[in-house]
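I opened this entry to go through one model, starting with confidence and then moving to packing and pairing. My notes follow the order in which I looked things up.

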Amino acid sequence: MTNTLIPTAGRHPQYSAQLLIAAFLLAGAVPLCFGQASGTDVHIAPRSINTSALSEARPRNGAIERFNANASLVLVPVTVTDKKDHLVIGLERDNFSVFDGQERQVIRNLSNEDAPISLGIIFDTSSSMYGKIERSSQAVVQFLRTANPSDEFFLIGFADRPELLVDFTSSAEDIQDGISRVTPEGRTALLDAVYLGLDTMRRARNERKVLLIVSDGGENHSRYNIKDVWSVVEEVGIQIYTMGIFDEAPRTNAERWGPDLLRAISNVTGGRVFPIHSLKKIGAATSELAIELRNQYVIAYRPSDLVHDGKWHRISVRVTPPQNIPELRVYAKRGYYAPAE
């Protein structure tokens, strides 16, 4: 990716799923300069999730247990790009404004250090990935070569159901070995895999937490639906990025809606989709993703009027471009749930 350097001065009816995706995309749209693609990474102490239930065939009854957030200090990972989608680095604290609801907040700290990451790789092993597995595997291995010594990873493969293939490890070779053993077959339980990834991330040791989905997005076999997973994604401080391995001519409705589904999930977390329509370009997309994750801004603030109401608090992040710099795009999460007590 080219950098712009600023000088230092479920199964559910398909039609219903489409309506939900459309609504979420509208809610999470990312405006250009001064716009918000909102976000916050909240300190999380999540409740346990019964992931063993993921293997059951029947639809889930009842609500998903919520993740509790302690928002006394809100951390907001932010990515800034120019209108050509080139990464913008070198911005200062004065270039940023953060609003909690309608109230502008005092930014306590702005950093863009290459902090250690806990990374969960959600790897599609369904039959729709036939012919794509080898290059997708190579892309993941290439990405892991950019890792820091303090980074940690886990690997979830998913087809008919998600499976934790490699638990937390600091060895890129462990992940490579896990991927080398997969065979593309079965349907696509993408949403279940995301849910399992969020639960697995509860045991992460690093404060920066990222899920990376490698998939065509062709969801067609999960027991959790979009609304279930969306409600959890909104509550946790985990960014979700996607390498979207898309066909030029999707064969099914699920594959046609795949890009929108992945974009909806990523947008609300402040992550992004890196669409790959040609497997020849997967290496370039991997390099862009690695550079972005190593050059994010992290804004820290304490809410000036924190109400312990357990409700959703919307955040907007705005960037004032330096002189002679064109309009910018801002990617950050949309908000957080305040503690109930």
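**Confidence.** I noted before anything else that this is a predicted model. The protein chain has a mean pLDDT of 78, and 76% of its residues reach 70 or more. I then looked for stretches under 50. One runs over residues 6-17, where the model has 28 contacts beyond four places in sequence. Another covers residues 19-69, with 138 such contacts in the model.

**Helices α2 and α3.** For each helix pair I took down the angle between the axes and the distance between them. Helix α2 spans residues 133-144 and helix α3 residues 172-180. I read an angle of about 175° for their packing, with the axes 10 Å apart. An angle over 145 degrees counts as roughly antiparallel, so α2 is roughly antiparallel to α3. On the α2 side I listed S137, V140, V141 and L144 as making the contact; on the α3 side, A172, I175, Q176 and I179. Sorted by class, this contact of α2 with α3 has six nonpolar residues, two polar and no charged.

**Helices α4 and α5.** Next I asked at what angle helix α4 and helix α5 pack. The answer is about 25°, with their axes 10 Å apart; α4 is residues 190-200 and α5 is residues 226-235. The cut-off for roughly parallel is under 35 degrees, which means that α4 is roughly parallel to α5. I recorded the crossing of α4 past α5 as left-handed. From α4 the contact uses L191, V194, Y195 and L198, and from α5 it uses I226, V229, V232 and V233. The residues of this contact of α4 with α5 divide into eight nonpolar, no polar and no charged.

**The sheet.** I then traced an open sheet of four strands, in the order β6-β5-β15-β17, with antiparallel pairing. Which strands are at the edges? They are β6 (103-104) and β17 (335-337), each of which pairs on one side only. Further in, I looked at strand β5 (residues 96-100) and strand β15 (residues 312-319), which run antiparallel and are joined by five bridges. As a reference point for this pairing I wrote down F99, which stands opposite S316 in β15.

Conventions. Residues are numbered from 1 along each chain as its sequence is written. This is a predicted model: local features need pLDDT of at least 70, side-chain atom pairs count only at pLDDT 80 or more; totals for chains, interfaces and linings use all residues. Side-chain values use heavy atoms; hydrogens and water are left out. pLDDT is the predictor's confidence in each residue, from 0 to 100. Contact means heavy atoms within 4.5 Å. Axes are lines fitted to C-alpha atoms, for helices over the stretch in contact, and angles run from 0 to 180 degrees between N-to-C directions. Helices (H or I, at least four residues) and strands (E, at least two) are DSSP runs, numbered from the N terminus. Angles under 35 degrees count as roughly parallel, over 145 as roughly antiparallel, 65 to 115 as roughly perpendicular and the rest as oblique. A crossing is left-handed if the near helix is turned anticlockwise from the far one by less than a right angle, and right-handed if clockwise. Ala, Val, Leu, Ile, Met, Phe, Trp, Tyr, Cys and Pro count as nonpolar, Asp, Glu, Lys and Arg as charged, and the others, Gly among them, as polar. Two strands pair if DSSP finds at least two bridges between them.
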